[in-house]
Amino acid sequence: MRHLAGRNDTITGLRGLLASSVVLYHVYTGAVDDGILKADYIPRIGEMVGPLAVCLFFVISGYLIPQSLVRHGSIRKFAIDRALRIYPVFLIIHLLIFAIGPVIGYKWFQGITAPEYILHFVSNLLFLPGVFDLPIAQIVAWSLSYEAAFYLIMGAGYYILKGKGWRYALLPIPLAASAWLIWKDPAFLFFVAGILLGIGKLPARLPQFTRLDGLAALVFACLLYDPDFIYGSLICAFVFFHTVARQYGYLSAFLRTRPLIWLGNISYSLYLWHTFVMFPVKRIVIALDLPNEWIGLTAFGIVSVAGSLLVSHFSYHWIEVKFTRLVRQRIRSSAGAQTAHAHAVRR
């Protein structure tokens, strides 16, 4: 496996593992919720796999975002980078859902008034559902709401701490916002765990016992995960991500394999597209009324996973890579032209 300079391939592979876990979680819970499976045979999975995977995504963000801010050295550049990372794929799905949703009567679109439609269109566009108790169009986008809040808090903190004098008086604002979010949902502490591992010297000081450290810590994080008391899982996740950041151990080696690197590259598209792909597949499987619930689950799972991977592969290459590269080039060209014009005026 070729390692790119400055890139942690173990983190990329972890993204792939986490996104895949969320997809499989939704295959199972979707089959249970819509009656493809007649009973919830593994109830613990609904409390553990999907939610913990999202929390570990938060650790990744906490680890990488402060470094990104410092690297860009500018709130404006950081904001543009984050917008180009999040919005292109999200916006396409957002427009599709708000175009199709009222026609097919999807969830809360049934009987919605024009003012409500506009309100929810804007609130979802700004990632407000999740942090705030508002109807959400993309069910997985609640985590993007927390991501966006984290970006705003980190950006505000960077602006204040990089400045002088009066700016320090604004410091209570991001601190109060952080405290409120942690109080509202302690899962926000997973961002904090990532920050500690990213900006401190803790990774160098944590002991390394065996090459199974990461796997053992991840297993315990899963077993201990409880949405009402996340702290045991949080500590284990901290230890686990330490091994990921350091790229040591058997699990880290597994995360650097080609299939997981590929899944990691398409993980954002996969995370957003899979529920959109699953929706029609689920309707078809239910309409077929297959003779056995396990046949129904198998058909639903295979078609949903294969379809999600296919759509996400093209979404990654066409939208996340080619489209955003084109936009970045135009932004750089525009900035270069403005700089040249400014120099010409000064002359």
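Phe127 is buried, at 7% relative accessible area. I was looking at a predicted model here, so I kept that in mind throughout. Phe127 sits in the loop between H4 and H5.

I found Lys107 in the loop between helix H3 (75-104) and helix H4 (114-125). Buried or exposed, or in between, for Lys107? It counts as partly exposed, because its relative accessibility is 44%.

**Confidence check**

I looked up pLDDT before going further. The chain averages 90, and 91% of the residues score at least 70. Which element of the chain has the lowest mean pLDDT? That is helix H8 (residues 202-205), with a mean of 52, while helix H12 (residues 258-265) has the highest, 97. I also checked residues 1-5: pLDDT stays under 50 there, and the model has 10 contacts beyond four places in sequence for that stretch.

Next I went through some helix pairs. Two packed helices are described by the angle between their axes and the distance between the axes, so I noted both each time.

The axes of helix H5 (residues 142-162) and helix H6 (residues 172-184) come within 9 Å and cross at roughly 155°. The cut-off for roughly antiparallel is over 145 degrees, so H5 runs roughly antiparallel to H6. H5 passes H6 in a left-handed crossing. Which residues of H5 and H6 meet? From H5 I listed Tyr146, Ala149, Ile153, Ala156, Gly157 and Ile160; from H6, Pro174, Ala177, Ser178, Leu181 and Lys184. By class, this contact has eight nonpolar, two polar and one charged residues.

**H9 and H10**

Helix H9 (residues 213-224) packs on helix H10 (residues 231-246) at an angle of about 155°, with the axes 8 Å apart. That makes H9 roughly antiparallel to H10. Their crossing is left-handed. On the H9 side of the contact I have Asp213, Gly214, Ala217, Leu218, Phe220, Ala221 and Leu224. On the H10 side I have Gly232, Ser233, Cys236, Ala237, Val239, Phe240 and Thr243. The class count for H9 with H10 is nine nonpolar, four polar and one charged.

**H7 and H10**

H10 also meets helix H7 (residues 189-199): the axes come within 10 Å and cross at roughly 30°. Angles under 35 degrees count as roughly parallel, so H7 and H10 are roughly parallel to each other. What is the handedness of the crossing where H7 passes H10? It is right-handed. Leu189, Phe190, Ala193, Leu196 and Leu197 of H7 meet Tyr231, Leu234, Ala237, Phe238, Phe241 and His242 of H10. I sorted those residues by class: 10 nonpolar, one polar and no charged. Ala237 is on my list for the H9 contact and on my list for the H7 contact.

**Gly62**

I picked out Gly62, which lies in helix H2 (residues 45-72). Gly62 counts as buried, because its relative accessibility is 0%. Which residues is Gly62 in contact with, leaving aside neighbours within four places in sequence? The answer is Phe150, Phe191, Gly194 and Ile195. I also took a C-alpha to C-alpha distance from Gly62 to Arg256: 21 Å in space, for 194 residues apart in sequence.

**Leu125**

My last entry is Leu125, in helix H4. At 23% relative accessibility, Leu125 counts as partly exposed; buried would mean under 20%.

Conventions: Residues numbered from 1 in each chain as written. Predicted model: local features only at pLDDT ≥ 70, side-chain atom pairs only at ≥ 80, totals over all residues. Heavy atoms only, no water. Axes fitted to C-alpha atoms, helices over the stretch in contact; angles between N-to-C directions. Helix = DSSP H or I, 4+ residues; strand = E, 2+ residues; numbered from the N terminus. Parallel < 35°, antiparallel > 145°, perpendicular 65-115°, else oblique. Left-handed = near helix turned anticlockwise from the far one by under 90°. Contact = heavy atoms within 4.5 Å. Nonpolar A, V, L, I, M, F, W, Y, C, P; charged D, E, K, R; others polar. pLDDT = per-residue confidence, 0-100. Buried < 20%, exposed > 50% of the residue type's maximum accessible area, 1.4 Å probe, protein only.
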